[in-house]
Structures are given as structure tokens and as C-alpha cells.
Amino acid sequence: PPWRRRHFSRFLPLALFLAWIGALLHLWIMMDAPRDVVFSAGDLLARYLLGLPAAALSCLGLIEQRREVHEAGFPRIARYLLWAAVSLGIFGLVGVLLGVAGPLFPAEWLAYPAVLYIIGVFVPILRALDGVAMAFFTSRALEVFEAETEALVNAVERRNLLLVDRERIGRELHDGIIQSLYAAGLRLEDAYRTLDRSPEQAGLKIQEVMGSLNQVIREMREYIFDLQESRSEGNLVEQLAGLIRELRLDSMLESQFIVRGPRCDVPPERAAQLCQIAQEALSNVMRHARAEHILVRLLFLPNQVRLQIEDDGRGFVPELVLRGGNHGDGLGLRNMCERATLLGGTLQVNSAPGKGTLIELGVPCGCRKGHPEAFPEIVDDGACTPTIGDRG
């Protein structure tokens, strides 16, 4: 389970194991049962206290993994995981409950001879067939790791291409736009020196500089447009998934991306703002949180998109950060809040020292086929304060 929810369930196997050991010690020491009775009862209790819960937990784990794999875009592998879970459930019935006869209920009713008499098939044959099914479906489900590896390789290739493109743009900016600005500055200095003795000549030079600056502005707009186009490829889910992949590659943090609800086509400009907020939050986690796990949830609700970013880092006091008393000057939080206000949404920050951080953003989705909803008109009074919660 996620690291902050149902944390007690991690100790369930240990509790069951201790219960099994305690039952055996009770039979052996307190009740002074014969050794063969202790061994027989131990075998049955191991099936009921260890084998059956293990099969159930494994089955539930595969079903949960199947949901995540299906949402990640691998429906065929998700089907293999579902059948692997079914095979594990059958194993819990055939391989655990149907065992040798024993003194505890229901062992005397579910023993090998009784099952053979009822269905006419040896239980070991059923277990063998179920084992073959488990091995087949589980091995086919392992293709998800190959798909993930291929996706990571593609992400690395895209990242390398992006770095090459950035270097090219940097060289072009330096060799073109920056040099043009430098030349325009020199020509303005020359026009300033000739202003007293020849105002008309100085005016002509200034007009030439204005023409050069207008050309530079056009070139810069083209560069900015190209950068925005390359950054906003794909829909909101794809862009956020790309951010998570980059986070894994850059920091090696254990990160998880979960999408819930029926997806809608968020307008590109709104998706870009949401991705900027997510990038700012993830950057703060990498720089300040000292976290080991990051969980990003994207929830498509009726007429709303909710983005949740949770980490298990050292946490902070949001009021101090916003006042500039901790982890920098709080500029990142204010930027996220201003973007949320621009989108007509709300930003909530829940954090406490030593208890991690949960940032939750809720904005109108603006989904409308063919006619993306424009940003709502916001009256900005110069103040932007996120809702602050307490994780304590």
C-alpha cells in the first residue's frame, strides 16, 4: 500500500506468523500435546494462518497492479495479471484448504480422500494444473518490465535530443540575437555621441536601431514559440507522465503516478499551467524534502481536475516558508498559488516537520470538445495565500 495509508497492514504477515508460533507453543507447552498432534496441527494452522492469507494478499496485490498497468496503457498485460490473480485465488482454495486430514475444522471435511470421492480427481493434479496456469500468466505479465524499460530508453533518447536542441538554440541565441543586441547597444552609444552636433543623423541611427530591435523581438518570439511547442506535446496525462519519468531519471526517487476517473481533453493552455505547477512542486521535493517516495495523483472529477503531490520527506511549516523563514523565501509556493488563482482553482498545502508534504490543487477542467473553455476572469488584489493544513 502507499507509505502513509494502511501502514499497519505491512505488519499483518508478521502478526499471523507470531500467532502460528504462539498456537504451536500453546499446544506443546501448555497443553502437553503429543508430538504428532503438534505437527499435524502446525501443518493445518500454517495453511489457514499463513498460506491462505498469503494467497489472498498476493491476489489483491496483483489486482491492484493490474489496475495500474491498465491505466498506464497496457491492457493486454493487465489481462495477464488478472488471470494470474485468479490462478492465485484458485491456489488458495486447492493448494491450501484441500490438504491432509487433521484434528481441526474443516480439515476433516476437506481432506484428500473426501475431495477425491466427491469430484473423482486427485488434489495434486488440480494443484499441478493451477501451478502451470500461475507460471504461464505470471511470466506473460512480466512483459510489463520490458515495456517499462523500453519507455525509459525512449525517454532517455528524447531527453538527449532535447539537450542537443537546447545547445543548438543556445548557440543560435548567442551568435544571432545576443550579437544583434550588442550591436544595437553600440549603435545607440554612437547615436548618443552625435546627438548634440547632428540631431538628424542621430535620429536616423536611432530609427535603424529600432528596426534592428524589432527584428530581434520577432526572432525571440519564434524561439519562444518553438520552445513552447516542444514542451506542450501530448495531453495532460502524457505531460505529467513525462515529468515523472524525468524525475526518476534525474533523482532515482521511487515515484508513482496514478490517474483516476474518466479522462477529459483538458485545453492545452490549461494543461501547460498544471504541468508548470507540478514541475515546481516536484522541484521543491528534489531540492528540499529529502524524500524517498513521491506519489502523484491526477483525479478527473465532474467539471474539475484535482492534482495531488505527496512525499514522505522531512516536511516543513508552511507559514514559515511563506514568510521566508524556512527552505528559501517561499517563492515556489507563491508561484504555484498564483498559477492556481489564474486557473480559477485552489491550492492546499498540508505539511508538518517529519511528516512529509501533501500539495493538492483543484481547478476547473475546462473540457469542451472543439471549444476549450477560456480562463475565467480573475480580479487579482495582489495577495495569493494557499490553504494551509496540518498533517500533525
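**Note on strand 5 and E360**

1. Start with E360. Leaving aside its neighbours within four places in sequence, E360 is in contact with R306, L307, Q308, T346, L347 and Q348. This is a predicted model. The place of E360 is in strand 5.

2. Is E360 buried or exposed? E360 has a relative accessible area of 15%. The cut-off for buried is under 20%, so E360 counts as buried.

3. What does the E360 side chain meet? A polar contact links the side chain of E360 to that of Q308, at 3.0 Å. Q308 is also one of the residues listed as contacts of E360.

4. Now the strand as a whole. Strand 5 covers residues 357–363, and seven of its seven residues are buried. The strand is therefore largely enclosed by the rest of the structure.

5. Which way do the residues of strand 5 point? T357, I359, L361 and V363 point one way. L358, E360 and G362 point the other way. Both sets are buried.

6. Within strand 5, I359 stands opposite I309.

7. Strand 4 is another partner. It comprises residues 346–351 and pairs with strand 5 over six bridges, in the antiparallel sense. S351 has T357 of strand 5 as its bridge partner.

8. Strand 4 and strand 5 form a hairpin with five residues between the strands. In this hairpin, G354 takes a positive phi near 80 degrees.

Key:
Residues are numbered from 1 along each chain as its sequence is written. This is a predicted model: local features need pLDDT of at least 70, side-chain atom pairs count only at pLDDT 80 or more; totals for chains, interfaces and linings use all residues. Side-chain values use heavy atoms; hydrogens and water are left out. Buried means under 20% relative accessible area, exposed over 50%, partly exposed in between (1.4 Å probe, protein chains only). Helices (H or I, at least four residues) and strands (E, at least two) are DSSP runs, numbered from the N terminus. Two strands pair if DSSP finds at least two bridges between them. A polar contact is a pair of N or O atoms within 3.5 Å; within protein, one must be able to donate a hydrogen and the other to accept it, and residues adjacent in sequence count only if both atoms are side-chain atoms. Contact means heavy atoms within 4.5 Å.
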